[in-house]
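Subject: Structure handover

Hi,

Here is the structure I promised to pass on to you.

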Amino acid sequence: MTMGMSRRGGEARQEIVAPLHHQVYVVLRQQIIDGQYKPGMALPSEHRLEELFKVSRITVRRALDRLASEGLVVRRHGKGNFAQPVITPPPIDTNLRGMLENLLAMGLRTRVDLIEFDYVPASAEVATRLELAQGAIVQRVVRVRRHENIPFSFLTTYVPEMVGRTYGPDDLLERPLLSLFEKAGVKVARADQTITAKLADTRVAPLLEVEIGAALLGIRRLVRDEKSRPVELLEALYRPDIYEYQMAMTRKGKKPEFIWSDSSTMTG
């Protein structure tokens with residue numbers, strides 16, 4: 001892993017750049033998964049991969065070694081590297097229509113590891129989003145959720161203290177958070193969320209069993225009750241090879257200015 005420093009808004013910001021062998025691995029892995037290299041089909045020679053990626057032979061071999069260790073390629077001495085059938089658990093998927101119901105169902109069919117559970121003063125950003133006084137106490141929980149024993153999400157949640165005190169750590173291991181809200185009499189009505197791309201850092205990478213610098217799907221979600229009061233701020237990182245996010249799109253408007261509209265958007 002290499003790191004660089006850049007400046008934005010007068011503040012130093014650290015950037016993670018994935019190792020070259022990891023970048024080659026990611027591209028080849030995606031090509032195999034997408035079917036560009038079908039089962040039994042030969043990958044380009046090591047020399048050709050050097051030219052394509054503009055890297056050294058050692059870098060190419062490290063990427064191929066990892067693909068072989070994961071069963072995505074078979075290395076045949078003197079003949080080359082051949083793609084293997086991809087056998088993976090079906091991905092977890094969710095969409096915007098009925099999002100809260102989908103999240104509850106996902107919690108029931110996956111397993112969670114509790115990493116941290118405590119009560120802390122809210123940062124300025126967390127307090128603002130939860131509409132609390134700066135420094136107000138919030139419950140902070142860090143979890144890793146698994147699907148068929150494979151970690152796929154790293155979740156950090158902030159909940160107002162009054163709501164958080166209605167359940168404990170053991171409850172989070174047995175029931176989804178939204179279910180605990182309902183048990184406490186909190187009626188969740190809607191959620192607003194943003195989606196972006198993130199990189200796995202030194203803390204998240206081992207927990208999600210990915211390399212440092214691996215690409216992740218970043219989601220920030222603010223959940224509100226029926227009176228529009230914020231009850232949860234979620235910051236989540238997902239492995240894109242296991243978690244899918246779907247949206248249904250429809251065409252709206254009149255010619256010639258057709259536009260795409262998200263027909264799955266929830267309304268409060």
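Below is what I found, going from the whole chain to single residues.

First, the ground rules. This is a predicted model, in which local features need pLDDT of at least 70 and side-chain atom pairs count only at pLDDT 80 or more, while totals for chains, interfaces and linings use all residues. Residues are numbered from 1 along each chain as its sequence is written, and side-chain values use heavy atoms, with hydrogens and water left out.

The overall picture

The protein chain has nine helices and 14 strands; these are DSSP runs numbered from the N terminus, with helices being H or I of at least four residues and strands E of at least two. Of its 268 residues, 40% count as buried (buried is under 20% relative accessible area, exposed is over 50%, and partly exposed is in between, with a 1.4 Å probe and protein chains only). Taking contacts between residues at least 6 apart in sequence, 57% join residues at least 24 apart, where contact means heavy atoms within 4.5 Å.

Helix 1 against helix 3

Helix 1 (residues 20–33) packs on helix 3 (residues 57–69) at an angle of about 50 degrees, and their axes are 8 Å apart. The axes are lines fitted to C-alpha atoms, for helices over the stretch in contact, and angles run from 0 to 180 degrees between N-to-C directions. The two helices are therefore oblique to each other (under 35 degrees is roughly parallel, over 145 roughly antiparallel, 65 to 115 roughly perpendicular, and the rest oblique). On the helix 1 side, the contact is made by L20, H21, H22, V24, Y25, L28 and R29, and on the helix 3 side by T59, R62, A63, L64, R66 and L67. These residues divide into seven nonpolar, three polar and three charged; Ala, Val, Leu, Ile, Met, Phe, Trp, Tyr, Cys and Pro count as nonpolar, Asp, Glu, Lys and Arg as charged, and the others, Gly among them, as polar.

R57 also lies in helix 3. With a relative accessibility of 31%, R57 counts as partly exposed. Setting aside neighbours within four places in sequence, R57 is in contact with E46, H47 and E50. R57 and H47 are 10 residues apart in sequence, and their C-alpha atoms are 7.2 Å apart in space.

Aromatic pairs

A search of the whole structure gives two aromatic pairs (rings of Phe, Tyr and Trp, using its six-membered ring, with centres within 6.5 Å; planes under 30 degrees apart are stacked, over 60 edge-to-face, and the rest tilted). One of them is F117 with Y119, an edge-to-face pair at 5.9 Å centre to centre with 85 degrees between the planes. F117 is partly exposed at 24% relative accessible area, and Y119 is partly exposed at 23%.

N149 sits in the loop between strand 7 (137–147) and strand 8 (150–160). Its phi is near 70 degrees, a positive value in a residue other than glycine, and N149 is exposed, with a relative accessible area of 53%. E209 has a positive phi too, near 60 degrees, and lies in the loop between helix 9 (204–208) and strand 10 (215–225). Within helix 9 is P206, which is exposed at 55% relative accessible area. P206 and P151 are 55 residues apart in sequence and 10.0 Å apart in space, C-alpha to C-alpha.

Happy browsing!
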